[in-house]
Amino acid sequence: YYHVGLRTKGNTSLSQVASSDSDRYSFKIEFDHYQEGQTMEGLDKLILNNIFSDKTYVKEYMAYDIFQYMGVAAPYTCFANISFNGEKWGLYLAIEGMEEAFAQRVYGLDYGQLYKPESEMGFRGGPFGPDGEETYGGADLVYNGEEEENYKDIFDNASFDIRKEDKTRLINALKYINAGEELEKYMDVEQCLRYFAAQTFIVNLDSYYSNLKHNYYLYEKDGQLTILPWDLNLAFGGFQARDAKDAVNNPIDTPMTGISESQRPLFSKLMDVEEYKEKYHSYLREI
């Protein structure tokens with residue numbers, strides 16, 4: 001394949017490789033970056049993760065496998081031995097990029113909008129600045145009024161071109177979800193419960209569950225929201241768990257770390273409904 005976009009990826013994983021003697025970066029390969037419509041067997045973007053901070057080499061693979069087992073829309077994955085110019089570079093996890101090809105595969109040609117909420121705040125040597133302030137993150141999905149400007153962390157990170165009506169639908173959905181009203185109209189409740197069950201089971205705190213509130217995709221179609229998994233290399237207690245006992249005993253109804261459940265309405269409003277909570281528990285038992 002020719003005229004293909006290639007760049008490094010990551011936050012902590014990127015900075016730690018850059019500051020070390022290693023050059024084992026993670027990469028994004030975009031087949032249609034320079035040549036419109038070019039794909040690799042239908043795939044428009046391929047992620048090559050360097051399996052950062054996982055000596056087992058299977059955490060992220062298993063985590064995605066659990067989401068897929070639970071029927072959650074998740075990217076395809078496989079292991080890949082890669083090389084550059086004939087030089088062996090090592091074992092990576094290859095992951096389907098969540099863009100047009102993913103959306104078509106999962107939702108068909110008439111797919112909706114896809115967002116990867118991330119803030120534009122500066123990265124200063126780690127997730128937190130010298131005074132403990134948050135320096136990057138995603139979106140908590142708390143309703144902050146009708147102004148589009150209040151949701152820049154979402155709208156500035158849209159996977160596809162968005163229009164005013166797309167923004168209006170998403171803001172309206174957040175309004176009703178935060179109020180705990182008409183949840184089945186404004187959320188794909190079934191998919192979200194399955195997502196949160198898998199998320200809780202794998203103790204993936206580098207996510208919507210922590211003060212960083214990132215590493216997820218938000219899908220919107222006809223005013224209904226769904227949360228999708230992404231960046232699972234620190235699953236199974238690899239982030240903010242003090243030790244194995246702490247990770248194993250992370251509570252299932254209050255899985256957030258450093259924040260209250262009310263600060264994450266997509267989860268808390270589901271748990272406020274006893275029927276949904278019991279279904280969430282049943283999915284945990286199934287896993």
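What follows is a conversation about the labels given to this predicted model.

Student: Let us begin with Glu 99. Why is Glu 99 called buried?
Tutor: Its relative accessibility is 16%, and buried means under 20%, so Glu 99 counts as buried. Glu 99 sits in the loop between β5 (87-96) and α3 (100-107).

Student: What makes the pair of Glu 99 and Lys 45 a polar contact?
Tutor: Their side chains are joined at 2.7 Å, and the cut-off for N or O atoms is within 3.5 Å. Setting aside neighbours within four places in sequence, Glu 99 touches Glu 30, Asp 44, Lys 45 and Phe 160.

Student: Now the sheet with β5. What makes β1 and β4 edge strands?
Tutor: The sheet is open, with 5 strands in the order β1-β2-β3-β5-β4 and antiparallel pairing. β1 (5-9) and β4 (77-84) each have a single partner strand, so one side of each lacks a neighbour in the sheet. On average, neighbouring strands of this sheet are turned by 30° against each other, direction ignored.

Student: How do you know that β4 and β5 pair?
Tutor: Pairing takes at least two bridges, and 8 bridges join β4 to β5, running antiparallel. In β5, Glu 87 is the bridge partner of Phe 84.

Student: On to the aromatic rings. Why is the pair of Tyr 176 and Tyr 186 called stacked?
Tutor: The centres lie 4.5 Å apart and the planes are at 10°. Tyr 176 belongs to helix α5 (residues 164-179) and Tyr 186 to helix α6 (residues 183-186), so the pair ties together parts 10 residues apart in sequence.

Student: What makes Phe 196 and Tyr 209 a stacked pair?
Tutor: Their ring centres are 6.1 Å apart and their planes are at 10°, so the pair is stacked. Phe 196 is in helix α7 and Tyr 209 in the loop between α7 and β7 (216-221), 13 residues apart. Phe 196 is buried with a relative accessible area of 0%, and Tyr 209 is buried with 1%. The two rings also belong to one aromatic cluster, whose members include Phe 67, Tyr 280 and Phe 267.

Student: Which residues touch the most other members of the largest nonpolar core?
Tutor: Of its 67 residues, they are Leu 141, Ile 154, Phe 196, Leu 266, Leu 270 and Tyr 280. Helix α7 (residues 189-201) gives this core its largest share, 7 residues. Another core, of 11 residues, lies apart from it, and Ile 29 and Leu 48 are among its members.

Student: Last, β7. What makes β7 mostly covered?
Tutor: 5 of its 6 residues are buried.

Technical notes
Residues numbered from 1 in each chain as written. Predicted model: local features only at pLDDT ≥ 70, side-chain atom pairs only at ≥ 80, totals over all residues. Heavy atoms only, no water. Helix = DSSP H or I, 4+ residues; strand = E, 2+ residues; numbered from the N terminus. Buried < 20%, exposed > 50% of the residue type's maximum accessible area, 1.4 Å probe, protein only. Polar contact = N/O pair within 3.5 Å; in protein donor to acceptor, adjacent residues only side chain to side chain. Contact = heavy atoms within 4.5 Å. Axes fitted to C-alpha atoms, helices over the stretch in contact; angles between N-to-C directions. Core = buried A, V, L, I, M, F, W, Y, C linked by side-chain atoms within 4.5 Å. Phe/Tyr/Trp six-rings, centres within 6.5 Å; stacked < 30°, edge-to-face > 60°.
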